[in-house]
Amino acid sequence: MLQPEAEWRAHLAGGRFMIQRSRSTGGHVFYPRVAEPGTGAEDLEWVEASGEGVVHAVTVVRKKDPADNYNVVLVDLAEGPRLMSRVDGLPADRVAIGLKVRARIIEEGDTPLLVFVPA
Amino acid sequence: MTMTHGFPRGRAAIVGAATFGIGKCPGISAVDMAAKAALLALADAGISLSEVDALYTSAPYEALGGMELAEYLGLTPEITDCNRTGGSAFEVYVQQAALALDAGLIDCALIAYGSNPASNPPPGVGMTRQSPWEAPYRPLAPISSYALAASRHMHLYGTTREQLAEVAVAARQWARLNPEAAVRDPLTVDEVLGARMVSDPLTVRDCCLFNDGAAAIVMVRADRARDCAKAPIPVLGAAHAVTHREISSMPDLTVTGAAISGPQAFAQAGLVPADIDVVMLYDAFTITPILFLEDLGFCPKGEGGRFVSGGHIAPGGGLAVNTNGGGLSCVHPGMYGLFLLVEAVRQLRGAAGERQIADAHLAIAHGNGGVLSSEATVVLGSAQAAG
């Protein structure tokens, strides 16, 4: 039995950013689930994401100390799905829509976290 | 031509409408407030509590709120709903109640809501789970989601922060005409722009209030409506669309489900946007009326920012939008959708006081829930306009 979130996290802990793909439709799926949205196709397999993406939308969450500001982005993956993440390696207010980014797995709070860095 | 989907145009009407406890309502519970608003709306209609046989509510902190309010009021409703489409739930209830009334399943629907988060802060654990796919990135819920949509709209269409601020300023100008509105101080575009930035591009003045308030409406079939205390307001159309739950799954960040619900509701009513006198749009954040003006057809996609500029939706402007002061300046206790309907009814009855729109015969109330996730449009008309 497919365990979408648990399997995805196990892959991430192993250093791999995986997404799902339907064998019949070829469509890529993120976040992980038991069937492709829209088609209901259940023939999902794990494939390694290219890690390439483009910033689709961005906001900066403002804290009392500007040094603590951080960005929240939506990234369009090269494979098609969109996800929420953060761009590291740039000041928060330098992250712009259209920026080409690459996935990176970091440790945050003792758990692996998928973020992006400028490509 | 959009199908009308068999909506019973004009065959059910809102006959009672009321608000209660707007602003600060300390010392009582949310269900107390909903009950007070319900009784005020029934009195407004001239209908007794015992006539109610359908109950629609969305309690703020009680997942089983439908049963809670039925018990509280001593009702035995044959339809009870406590749906979870957020602030749009109340527009959805109008749709569902109109259908159930027309089918003869029920004779009198009560739609009620109360919440006092300002006086009675909500419990730490809410009724919604955090998305495992978003929470690790610490977006502020829900403002960052709306900020992301705003960023996209600005990128694609050149919408500016000044244009967003115009929405807040127009709401405030309307609020200044509404004695019930919670915040009535003057507000300028510069003050909105200079307010504390929370989640770019939205400052604290781009965000709705989080205060106390309750509201209720009563619906019956058109034949019964003629015998009520005040002029009935027929429901001419009502449609709903859900597109996603979390912002990362929104199909297009600049096109909401209002682009589906709006055309359907207008088609049911046999009307077009240009016919509408009063436009009530859920303004959780300043970006939302801009998106809804576009998606509902009041202006082309991408033109919303320019449309609201120059006081166009403020008192004396070209289009009367959010005449009660909106969620931005009147009331927003967590789920605001019912207050849109009450204000539309007041305008169509000619009972809106200093902010009354002359010859107001047609109105829409457009509710939003989640993070632009659920969109529901109700078209209302005076009995004269309903034909």
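Predicted model: local features only at pLDDT ≥ 70, side-chain atom pairs only at ≥ 80, totals over all residues.

Student: Why is Ala182(B) called partly exposed?

Tutor: A residue is buried if 20 or more other C-beta atoms, placed from the backbone, lie within 10 Å of its own, exposed if 12 or fewer, and partly exposed in between. Ala182(B) has 19 C-beta neighbours inside 10 Å, so it counts as partly exposed.

Student: Where does Ala182(B) lie, and what is it in contact with?

Tutor: Ala182(B) lies in the loop between α5 (161-175) and α6 (189-194) of chain B. Contact asks for C-beta atoms, placed from the backbone, within 7 Å. Leaving aside neighbours within four places in sequence, the contacts of Ala182(B) are Ile22(B), Gly23(B), Leu209(B), Asn211(B), Cys330(B) and Val331(B). There is also a C-alpha separation of 8.8 Å between Ala182(B) and Gly325(B), which are 143 residues apart along the chain.

Student: How do you know that the span of α3(B) agrees with that of a helix?

Tutor: Helices here are DSSP runs (H or I, at least four residues) and strands are runs of E (at least two), numbered from the N terminus. The expected span of a helix is 1.5 Å times one less than its number of residues. For the 15 residues of α3 (residues 89-103) of chain B that gives 21 Å, and the end C-alpha atoms are 21 Å apart, so the two agree.

Student: What makes α3(B) largely enclosed?

Tutor: Twelve of its 15 residues are buried, so α3(B) is largely enclosed by the rest of the structure. Among them are Phe90(B), Tyr93(B) and Leu101(B). Just after α3(B), Gly104(B) has a positive phi of about 80 degrees.

Student: What makes α9(B) mostly covered?

Tutor: In helix α9 (residues 287-295) of chain B, nine of nine residues are buried. They include Ile287(B), Phe292(B) and Asp295(B).

Student: How do you know which strands of chain B belong to the open sheet?

Tutor: Two strands pair if DSSP finds at least two bridges between them. Ten strands of chain B form the open sheet, in the order β3-β2-β4-β7-β1-β8-β12-β11-β9-β10, with mixed pairing. The edge strands are β3 (79-81) and β10 (320-321) of chain B, since each pairs on one side only.

Student: What makes β8(B) a partner of both β1(B) and β12(B)?

Tutor: β1 (residues 12-23) of chain B and β8(B) share two bridges in the antiparallel sense, with Ala13(B) opposite Pro234(B). Seven bridges join β8(B) to β12 (residues 374-381) of chain B, also antiparallel, and Val242(B) has Ser374(B) as its bridge partner. Strand β8 (residues 233-242) of chain B is mostly covered, with eight of its ten residues buried.

Student: And how many bridges join β4(B) to β7(B)?

Tutor: Eight bridges join β4 (residues 108-115) to β7 (residues 212-221) in chain B, running antiparallel. Ile111(B) stands opposite Ile217(B) there. Helix α8 (residues 258-269) of chain B packs on the sheet, touching β8, β11 (362-369) and β12 of chain B.

Student: What makes up the side of chain B that touches chain A?

Tutor: The contact takes 20 residues from chain B and 18 residues from chain A. On the side of chain B, α4(B) gives the largest share, six residues. That side divides into eleven nonpolar, five polar and four charged residues. Here Ala, Val, Leu, Ile, Met, Phe, Trp, Tyr, Cys and Pro count as nonpolar, Asp, Glu, Lys and Arg as charged, and the others, Gly among them, as polar.

Student: Which elements does chain A have?

Tutor: Chain A has one helix and eight strands. Buried residues make up 32% of its 119 residues.

Key: Residues numbered from 1 in each chain as written. Chains lettered and ligands numbered in written order. Contact = placed C-beta atoms within 7 Å. Axes fitted to C-alpha atoms, helices over the stretch in contact; angles between N-to-C directions.
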